[in-house]
Amino acid sequence: PEGFLSRDGKLGKMRPGVGKLVASAKIVPIVLPIFHVTMDKILPPGSSFPSSGNRIPILVGEPMDFSSLVQSHRPLRSPAIELYSDIPSRVGLELRKLEKRAKEYERPMPPKAGFQTKKKKPKDELGARVPAAKNQETSDQPPGSESAPESSV
């Protein structure tokens with residue numbers, strides 16, 4: 001309903017676009033308010049590709065049915081902008097309730113059990129990746145021609 005991604009993670013002004021979508025539909029849809037936190041860790045401002053390995057707490061509000069509101073505006077022939085603004089303001093109230101509940105999720109979250117971050121591969125002085133260290137023992141035999149260990153009988 002804001003019409004953009006928030007740079008600071010806070011809800012902005014609700015815009016009438018969602019109201020127009022709801023009011024203009026042949027069958028008035030149910031609106032499900034959803035609020036998520038820590039999205040700035042997944043897609044920081046200015047980045048063009050999302051990062052992985054983060055969890056996003058998602059809070060889902062109660063479904064909102066605007067069919068009676070839309071029906072009540074039709075006989076009054078009230079200006080469409082009133083309806084288009086009324087719907088997002090009601091959605092905004094629900095989102096603000098979810099935002100308050102989301103405060104508890106703002107603290108850093110421990111990684112999931114069994115989740116391990118990848119270790120960065122070593123690089124040489126030019127920045128090229130260094131291959132994994134192979135077995136330091138060298139053999140005079142070519143690979144795959146190892147002989148069976150000798151046994152004494």
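This is a predicted model: local features need pLDDT of at least 70, side-chain atom pairs count only at pLDDT 80 or more; totals for chains, interfaces and linings use all residues.
Residues are numbered from 1 along each chain as its sequence is written, and side-chain values use heavy atoms, with hydrogens and water left out.

Now the overall layout. The chain has 4 helices and 4 strands, and read along the sequence they follow the pattern α-β-β-α-β-β-α-α. Helices (H or I, at least four residues) and strands (E, at least two) are DSSP runs, numbered from the N terminus. Of the 153 residues, 22% count as buried; buried means under 20% relative accessible area, exposed over 50%, and partly exposed in between, with a 1.4 Å probe and protein chains only. The accessible surface comes to about 12800 Å², and 56% of that belongs to carbon and sulfur atoms. Those areas come from the Shrake-Rupley method with a 1.4 Å probe, and for residues only the protein chains shown count as cover. As for contacts, meaning heavy atoms within 4.5 Å, residues 24 or more positions apart account for 63% of those with a separation of 6 or more.

Let's turn to helix α4, residues 80-102. Buried residues in α4 include L83, I87, V91, E94 and L98.

In soluble globular proteins, nonpolar side chains tend to be buried together. Here, the largest nonpolar core has 20 residues, and F66, I87 and V91 have the most contacts inside it. Helices α1 (17-24), α3 (67-76) and α4 each supply at least two residues of this core, with the largest share, 7 residues, coming from α4. By nonpolar core I mean a set of buried Ala, Val, Leu, Ile, Met, Phe, Trp, Tyr and Cys residues joined through side-chain atoms within 4.5 Å. Take I87: leaving aside neighbours within four places in sequence, I87 is in contact with G19, V22, A23, F66, L69 and V70.

Back to the salt bridges. Side chains of opposite charge can pair when their charged atoms come close. In one of the bridges, the side chains of R90 and D86 meet at 3.3 Å, N to O. Both lie in α4, 4 residues apart, about one turn of the helix. R90 counts as partly exposed at 39% relative accessibility, and D86 is partly exposed too, at 22%.

There is also a bridge between K97 and E94, at 3.9 Å, N to O. Being 3 residues apart in α4, K97 and E94 are separated by about one helical turn. Which of these is buried, and which is exposed? K97 is exposed, with a relative accessible area of 52%, whereas E94 is buried at 17%.

What does E94 touch beyond its sequence neighbours? Leaving aside those within four places, E94 is in contact with P33, G61, E62 and M64. G61 lies in the loop between β3 and β4 (64-65) and is buried, with a relative accessible area of 9%. Setting aside neighbours in the same way, G61 is in contact with L32, P33, E94 and L98. The C-alpha atoms of G61 and V91 are 30 residues apart along the chain and separated by 9.7 Å.

Finally, two of the strands. F35, in β2 (residues 34-36), is buried at 7%. F35 and L11 are 24 residues apart in sequence and 9.4 Å apart in space, C-alpha to C-alpha. In β3 (residues 58-60) we find I58, which is exposed at 55%.

Note on methods:
A salt bridge is a side-chain nitrogen of Lys or Arg within 4 Å of a carboxyl oxygen of Asp or Glu.
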